[in-house]
Amino acid sequence: MKGMLKYLSPFAPDQSGAVSVLYDMGGITVICDAGGCTGNICGFDEPRWTDSPRPVFSAGLRDMDAILGRDDKLVEKLGAVSGKTGAPFAAIVGTPVPAVIATDFRALTHMTEKRCGLPAVAVECTGTNLYDKGASDTYMALFKKFALDDTEPDRSAVGVLGMIPLEISRKDGVRYVRSAYADSVRRCFLCYGMGSGIEDIKRAGSVSKNIVVSPSGLAAAKYLKKRFGTPYIIDYPFITDELQEKFRQLAGKRVLVIHQQVAADKARKIIESAGGDCVVCGSWFMQPSEIKRDADIAFSTEQQFMDTAASGEFDVIAADPLMKRAARAAGFDGEFIEFNHFAVSGDLDDDI
């Protein structure tokens, strides 16, 4: 069975990625579900929920609401909430239920704006895609809706795209960004999705450059470059000194690095900088052509990963700890280096 998982857990879905980007934006986030998707997101896929909860709500769809498409009830609930929170905008996130009944999200946003007097965006998640697709679509929806054309250039401002806990496996990402670019200490980092709100989205056209730290931020970076001429670089500044040293010691070995593609490629470059020349990146998620090499592997099933681990082609696998048991079960007896990916296992790297 193609989708069967014996050793791995299901990865974070697209609605989780969407909510993660919206989490610090300051708006009202409504998840169109009966309650289960919201519970999964806040309970498992959003590590900030326990420390700093945000206005994330379930639409609370009942059977007849879903069957009859009672959008007016959702809008009515949203109107009641908006009057109490003072939020500057509303975001509606799809799940499998509205996908199955073909909810008209464009009409839903228009109804919301008219009823609540708030600008609204919708992200048409289906629950069948992975978190990076939902995050990418959300970035695009926010910048297209809210980014202003008449902002003054600000050479001290740098945007950071794709920085959400699901991608970087930590809640203290802003600290790492500032530390990594210490020569730009006077700069203001707008970390869209972690610490930066909707006002920063509005002035996105003024920043001097964007840093893309995961594939989910790349489409938005390209859009901002086309619209405003903002240059971007691709980098991943979240690998600890200890882990970097472990990677440097792998020179001369055949290494498979598995993570989101930007993180995996950064690990590869660290190994290559120490003299390594046999490093392959693998990912279950987006693999942009800008950072993907011909030998890199796009995983789609657990069995495919196990076959790769058992192939004898690699001396070392660097991946999320959850993948270790699958690799061992497949017969891989080489070195395994833990390289956490929160969207895979729910484990963070935070040391604060």
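In this predicted model, aspartate 235 and lysine 266 form a salt bridge through their side chains, with an N to O distance of 2.9 Å. Aspartate 235 sits in the loop between β8 (232–234) and α12 (241–248), while lysine 266 belongs to helix α13 (residues 261–273), so the pair ties together parts that are 31 residues apart in sequence. Lysine 266 is partly exposed at 23%.

Helix α13 leads on to another part of the chain. The loop between α13 and β10 (279–283) contains glycine 275, which counts as exposed at 52% relative accessibility. The C-alpha atom of glycine 275 is separated by 5.4 Å from that of alanine 251, although the two residues are 24 residues apart along the chain.

Over the whole structure, a search finds 21 salt bridges. Side chains of opposite charge can pair when their charged atoms come close. Some of these residues are joined in a network of salt bridges, made up of Asp24, Glu46, Arg48 and Arg54.

Another bridge links arginine 203 to aspartate 154, where the closest N and O atoms are 3.8 Å apart. Arginine 203 is in the loop between α10 (198–202) and β7 (207–212), and aspartate 154 is in strand β5, so this pair ties together parts that are 49 residues apart in sequence. Both ends are partly exposed: arginine 203 has a relative accessible area of 27%, and aspartate 154 has one of 24%.

Strand β5 (154–161) is also one of the elements against which the buried residues of helix α9 pack; the others are α8 (165–168) and β6 (188–191). Which residues of α9 (residues 173–180) are buried? They are Gly173, Tyr176 and Val177. Viewed down the axis of α9, the buried residues fall within an arc of 100 degrees, so they line one face of the helix. An α-helix has 3.6 residues a turn, so residues three or four places apart point the same way. Arg178 and Ser179 are exposed on the other side of α9.

A further salt bridge involves arginine 175, whose side chain meets that of aspartate 172 at 2.7 Å, N to O. Aspartate 172 is buried, with a relative accessible area of 5%, whereas arginine 175 is partly exposed at 43%.

Is histidine 341 buried or exposed? At 2% relative accessibility, histidine 341 counts as buried. A polar atom of its side chain lies 3.2 Å from the backbone oxygen of leucine 166. Leaving aside residues up to four places away in sequence, histidine 341 touches Tyr131, Leu166, Glu167, Ser169, His259, Gln260, Phe285, Asp320 and Gly346.

Definitions and conventions: Residues numbered from 1 in each chain as written. Predicted model: local features only at pLDDT ≥ 70, side-chain atom pairs only at ≥ 80, totals over all residues. Heavy atoms only, no water. Buried < 20%, exposed > 50% of the residue type's maximum accessible area, 1.4 Å probe, protein only. Helix = DSSP H or I, 4+ residues; strand = E, 2+ residues; numbered from the N terminus. Arc of directions from axis to C-beta. Contact = heavy atoms within 4.5 Å. Salt bridge = Lys/Arg side-chain N within 4 Å of Asp/Glu carboxyl O. Polar contact = N/O pair within 3.5 Å; in protein donor to acceptor, adjacent residues only side chain to side chain.
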